[in-house]
Amino acid sequence: MNASRPAKILLIEDEAKTARAVINGLKAEGFAPAWAETGEDGFFLLNSDHFDVVVLDWMLPGRSGLEVLKTVRARDSKTPVLLLTARDALEDRVAGLDSGADDYLVKPFALAELAARLRALLRRATTDTPAEEKPTHWHLADLNIDLTVRRVTRAGRVIDLTPREFELLIQLFRNAGRIVSRETLAREVWQETRRATPLDNVIDVHIARLRRKIDEGFASRLIHTVRGVGFVLREEPGT
């Protein structure tokens with residue numbers, strides 16, 4: 001995202017009243033929102049313009065939000081997607097995250113919280129800090145991260161991560177060799193100040209997906225669970 005322009009947000013939402021309220025709220029927060037009423041309209045806008053974040057309603061007419069999300073992810077694995085849903089069950093949250101969502105927000109929601117979550121997604125998807133203030137390359141064993149292009153490789157193999165998975169890996173790298181608690185991940189990655197069991201489960205789902213991408217097929221495991229405490233990034237021989 002170019003810091004000189006407002007972040008462009010695409011809202012795909014079929015309820016006109018909700019969409020108008022969200023669009024007006026996002027404009028007031030300094031975003032540049034656009035609205036698509038159906039998944040097909042959303043695809044058209046995504047093909048014709050660039051957006052920094054997509055806000056996607058689960059319950060769309062025709063193709064559901066999850067179907068739209070899977071299609072978007074098949075073509076673009078990088079753009080952050082926030083899923084709006086009235087479904088609050090854990091299995092629904094897991095289904096949304098497994099389909100490629102980077103965050104979710106349960107209806108009804110406060111516009112201030114939506115704006116805060118969008119800003120958090122944008123922070124994770126951009127590198128705003130000058131390069132001289134932080135390292136641009138991190139490595140542990142044969143795992144490498146190039147922060148300038150957000151590229152992750154292991155033993156020369158490119159590993160494709162979602163923005164949320166990338167931020168989780170960054171948090172583990174920053175504390176390599178030390179245990180990172182779920183509370184820390186909830187605060188630093190999800191911007192949550194209080195711990196809740198459903199969020200713990202969501203963190204575990206994301207860590208499991210990240211571990212599969214980072215460790216499967218390699219002799220040594222790098223991401224480890226410390227039962228009842230948290231997670232740690234360190235090199236250990238595979239079993």
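Colleague: Leaving aside neighbours within four places in sequence, what is T85 in contact with?

Modeller: T85 is in contact with W58, L105, V106 and K107. Contact means heavy atoms within 4.5 Å. This is a predicted model: local features need pLDDT of at least 70, side-chain atom pairs count only at pLDDT 80 or more, and totals for chains, interfaces and linings use all residues. Side-chain values use heavy atoms, without hydrogens and water, and residues are numbered from 1 along each chain as its sequence is written.

Colleague: Why does T85 count as buried?

Modeller: Buried means under 20% relative accessible area, with a 1.4 Å probe and protein chains only. T85 has 4% relative accessibility, so T85 counts as buried. T85 lies in strand β4, residues 81–85. Strands are DSSP runs of E, at least two residues; helices are runs of H or I, at least four.

Colleague: How do you know that β8 and β9 pair?

Modeller: Pairing needs at least two DSSP bridges between two strands. Three bridges join β8 (residues 151–154) to β9, and the strands run antiparallel. T153 stands opposite V158 in β9.

Colleague: What makes β6 and β9 the edges?

Modeller: The open sheet has the order β6-β7-β8-β9, with antiparallel pairing. β6 (137–140) and β9 (157–159) each have a single partner strand, so one side of each is left without a neighbour in the sheet.

Colleague: Why is the unit of β1, helix α1 and β2 called right-handed?

Modeller: A crossover is right-handed if, with the strands pointing away from the viewer, the path from the first strand over the helix to the second runs clockwise. β1, α1 (residues 16–28) and β2 make a right-handed β-α-β unit. β1 and β2 pair in the parallel sense over five bridges.

Notes: Buried means under 20% relative accessible area, exposed over 50%, partly exposed in between (1.4 Å probe, protein chains only).
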